[in-house]
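Q: Could you take me through this fold and tell me what stands behind each label?

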Amino acid sequence: MPVVFKKAPGKIILFGEHAVVYGHPAIAIPVRKVNATARILPDISSQPGNIRIQAEDIQLDSNYTDLAENHPLAAAVRLTLQEIAPMHIPSFTIQISSTIPISAGMGSGAAVTVALIRALSSFLGAPLSNETISNLTFEVEKIHHGTPSGIDNTVISFEKPIYFEQEKTLETLKIKHPTHWVIADTGEKTPTHETVSAVREKHNENPEKYNAIFKSIGSITQKARRSLIQGDVDALGHLMDENQTLLEALGVSSPRLDTLIDKARTAGASGAKLSGGGRGGNMIALAHPDNIVDIERALTNAGAKRVIYTKLMEAAQR
Ligand code: MEV
């Protein structure tokens, strides 16, 4: 059996995080400059069925059967084997690595799972469809996050810009006009399940107030869908700023996020907001082609731990 190597990109949410958990739409895009990789190496010297998992980034080197049942990597292997039900399981080693920042709103957990399921199903001679990979990844996401909306597993499995709403048919966005995005990492790490729980507590205390905020975010996202398709950068920037104000009202921004957002706007961004769960992690700014470098520099000078530029267009991304 040959060695199999598969990748999955990171992701960034442009509009609608948190509100998407409550049934409102959100827009997300894949970010291919960072990715998770899974390599599967056959191991002819071991007994059949012996599966080893190595993930250097988290100092893991273990037999699959020694991992707890709810360990996300073990769960990904188990769900894939259940889905494929192979007649014969050979011995092999799964090696995982990732350049996606952890707990920073870029979908690192989902990307590792997608890469693993894609590689394992190919290795076993039964490559799974994007839809099945997304569904299995969603099951693993529940272990990471408790109540995920499903947006991360979807955008990362399909690798397309998406307009996502729970329980609705997926819409992949046809982008005709390129847009330019600068993503900056605060370096603060907050797991998504923490911010989702914090928002849930607030929502439970005052459902009327928080439902109104989610609804407003949802209507911003609907408008942003149109502006993105039309390439109306000024309108999009405005909508990002409005979305950020509502995310602040949800209590998921942070002083460092606020600083980076402010610096990006001052450097000429059309708009800027946090992205993902918040309370740290990444922010995203919408740039014009002639101020990308200024915005990147302003964010680096303001202490961003990593700055990534991504161009959104129909066929490919830089
Ligand atoms: C996380 O990438 C986005 C959140 O909306 C959570 C979710 O959708 O599962 C905060």
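This is a predicted model: local features need pLDDT of at least 70, side-chain atom pairs count only at pLDDT 80 or more; totals for chains, interfaces and linings use all residues.

Q: What volume does the largest pocket have, and which residues are closest to its centre?
A: The volume is about 790 Å³. Of the 42 lining residues, Ser 108, Gly 109, Ala 110, His 144 and His 145 are closest to the centre. H2 gives the largest share of the lining, five residues.

Q: Why is the packing of H6 and H7 called roughly antiparallel?
A: The axes of H6 (residues 207-230) and H7 (residues 233-249) cross at roughly 165 degrees and come within 10 Å. Angles over 145 count as roughly antiparallel (under 35 is roughly parallel, 65 to 115 roughly perpendicular, the rest oblique), so H6 and H7 get the antiparallel label. Their crossing is left-handed.

Q: Which residues make the contact between H6 and H7?
A: With contact meaning heavy atoms within 4.5 Å, H6 residues including Tyr 210, Ile 213 and Lys 223 meet H7 residues including Leu 239, Glu 242 and Leu 246. Sorted by class, that contact has eleven nonpolar, three polar and two charged residues.

Q: How do H1 and H2 cross, left-handed or right-handed?
A: Right-handed. The axes of H1 (residues 72-84) and H2 (residues 108-123) cross at roughly 40 degrees and come within 10 Å. Among the residues in this contact are Leu 73 and Val 77 of H1, with Leu 116 and Leu 120 of H2. The class count is eight nonpolar, three polar and no charged residues.

Q: How many cavities of 30 Å³ or more does the structure hold?
A: One. A cavity is a set of points on a 1 Å grid where a 1.4 Å probe fits but cannot get out, while a pocket is an open set with protein on both sides within 12 Å along at least five of seven lines; lining residues have an atom within 4 Å of a point. The largest cavity has a volume of about 60 Å³, and its lining has one nonpolar, ten polar and no charged residues.

Methods
Residues are numbered from 1 along each chain as its sequence is written. Side-chain values use heavy atoms; hydrogens and water are left out. Axes are lines fitted to C-alpha atoms, for helices over the stretch in contact, and angles run from 0 to 180 degrees between N-to-C directions. Helices (H or I, at least four residues) and strands (E, at least two) are DSSP runs, numbered from the N terminus. A crossing is left-handed if the near helix is turned anticlockwise from the far one by less than a right angle, and right-handed if clockwise. Ala, Val, Leu, Ile, Met, Phe, Trp, Tyr, Cys and Pro count as nonpolar, Asp, Glu, Lys and Arg as charged, and the others, Gly among them, as polar. Grid points are joined across faces, edges and corners, and a volume is the space filled by probe spheres set on the points.
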